[in-house]
Structure formats: C-alpha cells, structure tokens
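Some notes on this model follow, as numbered points. Please read them alongside the coordinates.

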Amino acid sequence: GKEECPVTPTEYRILKKLIQNKGQLLTYSLLLDSLWDEGVQLLDKHALAVNINRLRKKIETEEHSYISNVYGMGYIWK
C-alpha cells in the first residue's frame, strides 16, 4: 500500500537484492556473499533466515506473500 514500512539496513539490502533479481533463485551463499561485500556480516544461513523472517513480518500479509523459500537452496522474490 502507501504505508511506510521501516526496515533495518540489513533488511533493506536483502529486500533490494531480492527485488533486483525478481523471479530468480538467490542461493543462500550468493546472498551471504553479496551482503558481506556491502559491509553486513551475516555469518550463516540462520542469521539470513532470521532477517528474512523479520522482513516478511513487516511487508507480507495473508493476502500478499512476496518472498518464497526454496528449501535447501535460497529465496525468490515472486
């Protein structure tokens, strides 16, 4: 909608990366490597998953789901 949604710098970087690659699978390692290059020190998939879950809670509703998890692989922006 038109409502502002405050996100952390890390959530913003993840969101930006997903949107820039809409419809493409971004593997865990690709996301972690690209975020590391931007000064974010996510050490493992768990830290990435926590940030994705926080982002989902902020932007998704029951009617609108944007981030899809491909089990064991990574994430896709639908």
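1. Start with Ile52. Leaving out residues up to four places away in sequence, Ile52 touches Ile14, Leu18, Ile67 and Tyr75. Contact here means heavy atoms within 4.5 Å. This is a predicted model: local features need pLDDT of at least 70, side-chain atom pairs count only at pLDDT 80 or more, and totals for chains, interfaces and linings use all residues. Numbering runs from 1 along each chain as its sequence is written, and side-chain values use heavy atoms, without hydrogens and water.

2. The largest nonpolar core has 16 residues. Such a core is a set of buried (under 20% relative accessible area, 1.4 Å probe, protein chains only) Ala, Val, Leu, Ile, Met, Phe, Trp, Tyr and Cys residues joined through side-chain atoms within 4.5 Å. Ile14, Leu18, Leu42, Leu48, Ile52, Ile67 and Tyr75 touch the most other members. α1, α2 (28–37), α3 and β3 (74–77) each supply at least two residues. α2 gives the most, with four. Helices (H or I, at least four residues) and strands (E, at least two) are DSSP runs, numbered from the N terminus.

3. How do α1 and α3 (residues 45–59) pack, and at what angle? The angle is about 80°, with the axes 10 Å apart. Axes are lines fitted to C-alpha atoms over the stretch in contact, and angles run from 0 to 180 degrees between N-to-C directions. That makes α1 roughly perpendicular to α3 (65 to 115 degrees). Residues in this contact include Ile14 and Leu18 of α1 and Leu48 and Ile52 of α3.

4. Lys22 sits in the loop between α1 (9–20) and β1 (26–27). Lys22 is exposed, at 56% relative accessible area (exposed means over 50%). Beyond neighbours within four places in sequence, Lys22 contacts Trp77 and Lys78.

Note on methods
Angles under 35 degrees count as roughly parallel, over 145 as roughly antiparallel, 65 to 115 as roughly perpendicular and the rest as oblique.
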